[in-house]
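Dear colleague,

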Amino acid sequence: MSDDFDVVTGAFSYSGAVIARELQAAGRRVRTLTGHPGRAPAGTAIEVRPLDFANPAGLAESLRGARTLVNTYWVRFAHGRVSLESAVAQSRVLFQAAAEAGVHRVVHVSITHPDADSPYPYFRGKAAVEQALADLGLPHTVLRPAILFGGNGVLINNMAWLLRHLPVFAVGGTGEYRIRPIHVDDLAWLCVQAADATGTEVIDAVGPERPAFGDLVRFIKDAVGSRSQVINVPGSLIPPAARLLGLALRDTLLTAEEFEAMAGGLADTDGPATGDTSLTQWITDHKGTLGRTYANELTRHFR
Ligand SMILES: NC(=O)c1ccc[n+]([C@@H]2O[C@H](COP(=O)([O-])OP(=O)(O)OC[C@H]3O[C@@H](n4cnc5c(N)ncnc54)[C@H](OP(=O)(O)O)[C@@H]3O)[C@@H](O)[C@H]2O)c1
């Protein structure tokens, strides 16, 4: 292979799958680094290599000759032996392997409002990873989504699932905090553009709509025909309620940090939209299937 191929992490998981598909549609050959090679669909044209951080030389070998590394690797929350600190360290290993392999460019998926001084480990960790990438000196694009929807995404789907199954849906605090989701296809399109770009850039990957959270809950409720009662409760009740529900669902539904960051406005931005897909139109178009099946994060990534 010459540098007519790109490497994408997680091509059999969520955003990585869509990014790989869009790169292929743009005529690129794709190799993936993944911890789940067994999830490769039969007959896939994607070349599969292990995302094995314990083997930096092997990672560099898998990256050698690639034009671009598109990096989606991250962990949503600490669980068992996996921590956000280890995710930062492993991201550094991956970037260093890319530099050593002579990869020309890195496209890195981050988060809105990463901040080295954030009270939240997720946002601090994301800032540390962005810094590690900047320190590497390779041309790169950082794409910062707030929340993804579409495909087999978790958050909006599980809101719909809860609304379909529970008599009450609790919105923490006023529910007036806004969120700015982007469709996963739009993020993938930005990745394809970024893989072709030159120089270094940082872009918020955000859609055209930024509904208040409470309004979004009510919109989904109406769309899926839920009879659930939407109530406002003090924000401090959301993390313990999510923990209890998580126990019943054998999942981590929503961490305290995720709730507090969202309620604190970190899933919103002021800038222009970089994705076109309307969240509310998408919900309307998918109201028949949205939330029919629960998407379990622990099953996807920790079991
Ligand atoms: N999903 C969202 O709503 C959202 C919102 C804002 C920002 N982002 C950012 O977008 C990027 C991609 O997110 P995504 O939701 O599309 O992620 P994903 O596809 O579920 O996972 C992305 C990559 O991380 C690896 N990974 C995830 N959890 C892991 C764990 N516990 N242990 C080891 N490896 C793990 C996956 O490994 P495998 O290949 O083995 O599956 C995959 O390579 C991340 O940087 C995330 O922070 C996502």
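To begin at the ligand, one of its oxygen atoms has a backbone N or O atom of Tyr14 at 2.9 Å, which falls within the limit for a polar contact (a pair of N or O atoms within 3.5 Å; within protein, one must be able to donate a hydrogen and the other to accept it, and residues adjacent in sequence count only if both atoms are side-chain atoms). Please bear in mind that this is a predicted model, in which local features need pLDDT of at least 70 and side-chain atom pairs count only at pLDDT 80 or more, while totals for chains, interfaces and linings use all residues. Residues are numbered from 1 along each chain as its sequence is written, and side-chain values use heavy atoms, with hydrogens and water left out.

Thr34 places a polar side-chain atom 2.7 Å from an oxygen atom of the ligand, and at Trp74 a backbone N or O atom lies 3.3 Å from a ligand nitrogen atom. The ligand taken alone exposes 870 Å², of which the protein buries 86% (accessible areas by the Shrake-Rupley method with a 1.4 Å probe; for residues, only the protein chains shown count as cover). Helix 4 (121-136) and strand 7 (147-149) are the elements that give two or more residues to the shell around the ligand, where helices (H or I, at least four residues) and strands (E, at least two) are DSSP runs numbered from the N terminus. There are 24 residues around the ligand, and Ser13, Ser15, Tyr122, Lys126 and His301 come nearest (a residue is near if one of its heavy atoms lies within 4 Å).

Asn157, in helix 5 (residues 155-165), counts as buried because its relative accessibility is 14% (buried means under 20%, exposed over 50%, partly exposed in between). A polar atom of the Asn157 side chain lies 2.9 Å from the backbone nitrogen of Gly291.

Notes: Buried < 20%, exposed > 50% of the residue type's maximum accessible area, 1.4 Å probe, protein only.
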